[in-house]
Amino acid sequence: MKKGMPITDKSKIRNIILAYLVEHPNAQDTLEGIVEWWLLERQIKFQTARVKEALSDLVDKELLLERKGANSHIHYQLNPIKYNEIQGFFKQVVE
């Protein structure tokens with residue numbers, strides 16, 4: 001599932017619904033609730049894992065810096081030393 005892309009494969013939708021119910025065996029909802037909450041929750045979990053991988057790659061390449069905040073959460077920011085290099089990625093895309 002790509003972010004922003006609709007889930008169109010019936011078997012994927014069935015699997016997402018069943019996976020949700022395995023995690024929440026007492027759940028019940030309307031059609032609208034299932035679409036809005038159950039499918040969205042699965043999409044968020046999937047995307048969270050992918051974003052975590054992407055952040056790790058960017059930190060490994062020293063394009064992002066990470067620091068632990070006072071709340072023990074990791075915060076990410078642009079590595080200012082790599083700013084021109086990063087900006088160059090986007091210039092190449094436009095050209």
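**Exercise 1: A bend in a helix**

Task: find where helix 2 bends, and by about how much.

Solution: This is a predicted model. Follow helix 2 along its axis and stop at Leu40, where the helix bends by about 30°.

**Exercise 2: Checking the length**

Task: work out what helix 2 should span at 1.5 Å a residue, and compare that with the distance between its end C-alpha atoms.

Solution: Start with the residues: helix 2 covers residues 31–60, which makes 30 residues. The expected span is 1.5 Å times one less than the number of residues, so helix 2 should span 44 Å. Now check the ends: the C-alpha atoms there are 43 Å apart, which agrees.

**Exercise 3: The buried side**

Task: list the buried residues of helix 2, then say what they pack against.

Solution: Buried means under 20% relative accessible area. In helix 2, that picks out Gly33, Ile34, Trp38, Leu39, Arg42, Gln43, Gln47 and Val59. Next, look at their partners: these buried residues pack against helix 1 (10–23), strand 1 (64–68) and strand 2 (74–78). Past the helix, you'll meet Glu62, which has a positive phi, near 60°.

**Exercise 4: Zooming out**

Task: what is the order of the elements from the N terminus on, and what share of the chain is buried?

Solution: Count up three helices and two strands. Reading from the N terminus, they run α-α-β-β-α. Of the 95 residues in the chain, 17% are buried. As for the surface, the chain exposes about 8,000 Å², with carbon and sulfur atoms supplying 58% of it.

Note on methods. Residues are numbered from 1 along each chain as its sequence is written. This is a predicted model: local features need pLDDT of at least 70, side-chain atom pairs count only at pLDDT 80 or more; totals for chains, interfaces and linings use all residues. Side-chain values use heavy atoms; hydrogens and water are left out. Helices (H or I, at least four residues) and strands (E, at least two) are DSSP runs, numbered from the N terminus. The bend at a residue is the angle between axes fitted to the seven residues ending there and the seven starting there. Buried means under 20% relative accessible area, exposed over 50%, partly exposed in between (1.4 Å probe, protein chains only). Contact means heavy atoms within 4.5 Å. Accessible areas come from the Shrake-Rupley method with a 1.4 Å probe; for residues, only the protein chains shown count as cover.
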